[in-house]
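Thanks for asking me to look this one over. My comments follow as numbered points, going from the overall fold down to single residues.

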Amino acid sequence: MAKKTALILADFIFPEYLGGSARLASELNDSLVESGFDVTCITRRPTGQYSSSFQASRVYRLLYIDRIRSVLALLVFGKWDVVISHHFTLGILSYFFRSKSNLILYFFHGPVHLERLSRGGSMVSAILRRGIEYFVLMHQKRIFCLSDYMKCHLANAFQSKTVITGPLHNFTITPPPPLKLPRLGPINLLTVRRLTNRTGVLELAETASKLHGAVTLSVVGGGELLDSLREMEYPNVKVLGKVADDELDRLYRRSDLVILPSLELEGFGLIIIESILRGTPVLASDKAGGGAEFLRGFSADFIYSLDSGEAQFLDSVKRAIDAYANDEIRFRLLASISDFNMMSFINKYLTEENK
């Protein structure tokens with residue numbers, strides 16, 4: 001019996017590119033292969049501030065968009081059971097593949113026009129991006145969002161064909177690690193972010209610097225704010241930049257609390273999942289979109305106000321750690337996260353519809 005085939009159109013693939021959407025796209029590809037799909041992924045070569053030198057061993061075919069002849073060959077001769085796009089730029093190719101597949105799907109990671117404006121782009125550029133994205137979304141059979149918050153950023157015309165998946169992941173759910181014992185000395189905080197204005201890392205570093213002696217902060221990620229953060233030279237703030245997965249795992253496990261300090265446009269924040277699965281609680285800002293929605297459902301103590309001063313922030317840090325020590329809350333969090341398994345998503349939306 002022939003394998004089902006999947007074509008993935010993803011501008012960003014982890015670890016060559018950093019960020020939650022890149023990681024989700026990469027992990028979904030891995031899970032599709034595991035579930036029996038023959039997967040081809042078209043993406044672009046890593047470059048720029050969010051790219052890294054890390055390389056991955058792939059279990060699927062990776063084709064760079066600048067291989068024009070190979071891409072054209074797929075357009076002419078390819079036939080796919082499912083086509084999945086993760087961004088409007090390469091997602092526009094899905095329009096040309098619509099006669100090659102009955103299942104054209106799109107992951108809506110965020111409104112591209114607003115993200116463009118948040119990075120200082122022009123209004124003309126934002127309007128153009130919004131128009132192209134709208135055109136791409138028109139031709140999708142189904143649109144997936146990680147949260148209600150992000151679904152609200154879609155036009156009314158697309159609401160009826162949009163599904164909220166939650167923060168999909170392919171982690172193996174195991175019993176939670178034992179609760180960490182209180183430690184003497186400063187509270188170790190960690191944030192793992194794209195270092196751009198909307199993610200709130202500059203503001204978090206400034207707040208942490210005023211709490212020298214009470215907290216330390218480690219910052220992981222890449223982006224246009226990396227140099228600005230390093231120039232601050234706060235004694236209790238370590239700006240680590242891009243780190244390999246094994247080092248990131250160590251940082252999650254040794255930290256007392258992970259911070260999601262987003263200012264806007266946070267679809268979910270996959271660091272919530274990555275942290276909790278390693279036994280480390282998360283504190284999110286009240287502007288952290290889908291991530292704040294999720295955490296608030298377990299305890300209001302997992303949310304802090306961006307308008308609060310450093311004393312109130314420190315109090316929020318302590319209350320979040322105390323809330324996570326509650327066995328009922330901790331086990332409910334882990335049980336909820338298990339519902340976001342990628343294999344379950346594939347079986348529900350990609351396998352049954354292809355039978």
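Predicted model: local features only at pLDDT ≥ 70, side-chain atom pairs only at ≥ 80, totals over all residues.

**Notes on the model**

1. Glu 233 is exposed, with a relative accessible area of 68%. Its phi is positive, about 55°, although Glu 233 is not a glycine. You will find Glu 233 in the loop between helix 9 (226-232) and strand 10 (237-241).

2. Is Leu 265 buried or exposed? At 5% relative accessibility, Leu 265 counts as buried. Leu 265 belongs to the loop between strand 11 (257-260) and helix 11 (271-276). As background, most residues other than glycine have a negative phi, and most peptide bonds are trans.

3. The peptide bond between Phe 14 and Pro 15 deserves a look too: this bond is cis, with omega about 5°. Pro 15 sits in the loop between strand 1 (4-9) and helix 1 (20-34).

4. Now the overall picture. The protein has 15 helices and 13 strands. For 355 residues, a compact globule would have a radius of gyration near 20 Å, and the 21 Å of the protein agrees with that. Along the principal axes, the C-alpha atoms fill a box of roughly 65 × 45 × 40 Å. Of the 355 residues, 53% count as buried. Among contacts with a separation of 6 or more, 67% come from residues 24 or more positions apart.

5. Which order do the strands take in the open sheet of six? The order is 10-9-8-11-12-13, with parallel pairing. Strand 10 and strand 13 (303-304) are the edge strands, each pairing on one side only. Within this sheet, strand 8 (residues 187-192) and strand 11 pair in the parallel sense over two bridges. Leu 190 has Val 258 in strand 11 as its bridge partner.

6. Helix 10 (residues 245-254) lies across strand 8, strand 9 (215-220), strand 10 and strand 11, and runs at about 140° to strand 8. Helix 12 (residues 289-296) packs on the sheet, where it touches strand 11, strand 12 (282-285) and strand 13. The direction of helix 12 makes about 125° with that of strand 12.

7. The largest nonpolar core has 83 residues, and Leu 32 and Leu 350 touch the most other members. Helix 13 (residues 310-324) gives the most to this core, with six residues. Leaving aside residues up to four places away in sequence, Leu 350 touches Leu 32, Phe 37, Val 82, Ile 84, Leu 105 and Phe 345. Another core, of 13 residues, lies apart from the largest one; Val 136, Ile 143, Tyr 149 and Met 150 are among its members. In general, nonpolar side chains in soluble globular proteins tend to be buried together.

8. Last, the cysteines. How many disulfides are there? The count comes to zero, taking a disulfide as a pair of cysteine sulfur atoms within 2.5 Å. Cys 145 is buried, with a relative accessible area of 0%. Cys 41 also counts as buried, at 0% relative accessibility.

Key:
Residues numbered from 1 in each chain as written. Heavy atoms only, no water. Helix = DSSP H or I, 4+ residues; strand = E, 2+ residues; numbered from the N terminus. Buried < 20%, exposed > 50% of the residue type's maximum accessible area, 1.4 Å probe, protein only. Pairing = 2+ DSSP bridges. Contact = heavy atoms within 4.5 Å. Axes fitted to C-alpha atoms, helices over the stretch in contact; angles between N-to-C directions. Core = buried A, V, L, I, M, F, W, Y, C linked by side-chain atoms within 4.5 Å. Rg over C-alpha atoms; globule rule 2.2 N^0.38 Å.
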